[in-house]
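Please read it with the sequence and the coordinates open.

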Amino acid sequence: MGKKNEELSEVGEEIVKQKGKPRGGNSPVIGNNGMMTQPGDNAKFLRVNIELMKMPSIDMMDVEQVSKRIEEYFVLYAENDMKPTVAGLAMALGMDRRRLWEIKTDNCGTHCSKLPPSVRDTIKKAYHLMENLWETYMNSGKINPVSGIFLGKNNFGYQDKTEYV
């Protein structure tokens with residue numbers, strides 16, 4: 001009876017000891033915790049992605065158009081209370097995430113080396129914002145740790161590494 005996490009409750013004529021949270025509690029990595037959606041979530045995600053798909057092409061040589069599109073992307077996700085994604089940002093810019101990664105890492109072939117430095121810098125700034133958001137979500141427990149590790153490795157170049165000296 002003296003334990004912190006135990007409570008007594010009456011069930012009919014019986015007194016039943018109840019411990020705190022069940023095993024696993026609300027851990028984001030046990031069972032379906034952290035994966036469950038609310039009614040309407042999938043429709044919202046689909047609507048946002050359809051909006052991305054329908055965005056008209058922009059002139060990727062024009063830093064103003066690129067800046068405006070990046071802002072539109074983040075506003076769209078904020079208005080829908082969604083975490084922005086690297087693939088979504090790439091889609092808004094009319095490319096895939098691999099092209100975005102190449103711009104971010106200055107590992108461009110001919111397709112993105114033609115972009116003006118101001119455009120590449122603007123895209124890199126948006127990418128760094130995404131990385132900062134990812135770190136903030138991880139540090140605040142707002143993302144499943146396993147998913148977060150996957151995103152860090154695949155989108156931001158993080159890696160598990162053991163060094164022997």
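**Notes on the model**

1. Glutamate 102 is part of helix 4. With a relative accessible area of 17%, glutamate 102 falls under the 20% limit and therefore counts as buried. Leaving aside residues up to four places away in sequence, glutamate 102 touches Asn107, Cys108, His111 and Cys112. For one of these, cysteine 112, the C-alpha atom is 8.0 Å from that of glutamate 102, at a separation of 10 residues along the chain. Please bear in mind that this is a predicted model.

2. The rest of helix 4 can be taken next. Which residues of helix 4 are buried? They are Leu100, Glu102, Ile103 and Lys104. These buried residues pack against helix 3, helix 5, helix 6 and helix 7. Glu102 and Lys104 deserve a look, as a glutamate and a lysine that are listed among the buried residues of the helix.

3. After helix 4 comes aspartate 106, with a positive phi near 55°. Aspartate 106 sits in the loop between helix 4 (97-104) and helix 5 (110-113). Its relative accessible area is 52%, over the 50% limit, so aspartate 106 is exposed.

4. Aspartate 81 is not a glycine either, yet has a positive phi of about 50°. Aspartate 81 is placed in the loop between helix 2 and helix 3 (86-92). Is aspartate 81 buried or exposed? At 70% relative accessibility, aspartate 81 counts as exposed.

5. The loop between helix 2 and helix 3 also holds threonine 85. Threonine 85 has 34% relative accessibility, which lies between the limits of 20% and 50%, so threonine 85 is partly exposed. Not counting residues up to four places away in sequence, threonine 85 touches Tyr73, Tyr77 and Met130. Methionine 130 is 45 residues from threonine 85 in sequence, while the C-alpha atoms of the two are 7.5 Å apart.

6. The structure contains 6 aromatic pairs. In one of them, tyrosine 73 and tyrosine 77 are 4.6 Å apart centre to centre, with 45° between the planes, and the pair is tilted. Both tyrosines belong to helix 2 (residues 63-79), where they are 4 residues apart, about one turn of the helix. An α-helix has 3.6 residues a turn, so residues three or four places apart point the same way. Tyrosine 73 and tyrosine 77 are both buried.

7. A further tilted pair joins tryptophan 134 and phenylalanine 156; the centres of the rings are 5.4 Å apart and the planes are at 35°. What does this pair tie together? Tryptophan 134 lies in helix 6 (residues 117-139) and phenylalanine 156 in helix 7 (residues 145-156), so the pair ties together parts that are 22 residues apart in sequence. Tryptophan 134 and phenylalanine 156 are both buried. The two also belong to one aromatic cluster, made up of Trp101, Tyr127, Trp134, Phe156 and Tyr158.

8. Lysine 83 lies over the face of tyrosine 137, and the distance to the ring centre is 5.3 Å.

9. On the surface, Leu46, Ile50, Met53 and Met91 form a nonpolar patch, with about 380 Å² of accessible area together. Helix 1 (residues 41-54) supplies the largest share of this patch, 3 residues. Isoleucine 50 is located in helix 1 and, at 36% relative accessibility, counts as partly exposed.

10. Some totals complete the note. The protein has 7 helices and 2 strands, in the order β-β-α-α-α-α-α-α-α along the sequence. Of the 165 residues in the protein, 29% are buried. Among contacts with a separation of 6 or more, 49% are between residues 24 or more positions apart. The protein exposes about 11,900 Å², and carbon and sulfur atoms supply 52% of that area.

Notes: Residues numbered from 1 in each chain as written. Predicted model: local features only at pLDDT ≥ 70, side-chain atom pairs only at ≥ 80, totals over all residues. Heavy atoms only, no water. Patch = residues over 30% accessible without salt bridge, like charges linked within 9 Å, V, L, I, M, F, W, Y side chains within 5 Å. Areas by Shrake-Rupley, 256 points an atom, 1.4 Å probe, with all protein chains shown as cover. Salt bridge = Lys/Arg side-chain N within 4 Å of Asp/Glu carboxyl O. Buried < 20%, exposed > 50% of the residue type's maximum accessible area, 1.4 Å probe, protein only. Phe/Tyr/Trp six-rings, centres within 6.5 Å; stacked < 30°, edge-to-face > 60°. Lys NZ or Arg CZ within 6 Å of the ring centre and 35° of its normal. Contact = heavy atoms within 4.5 Å.
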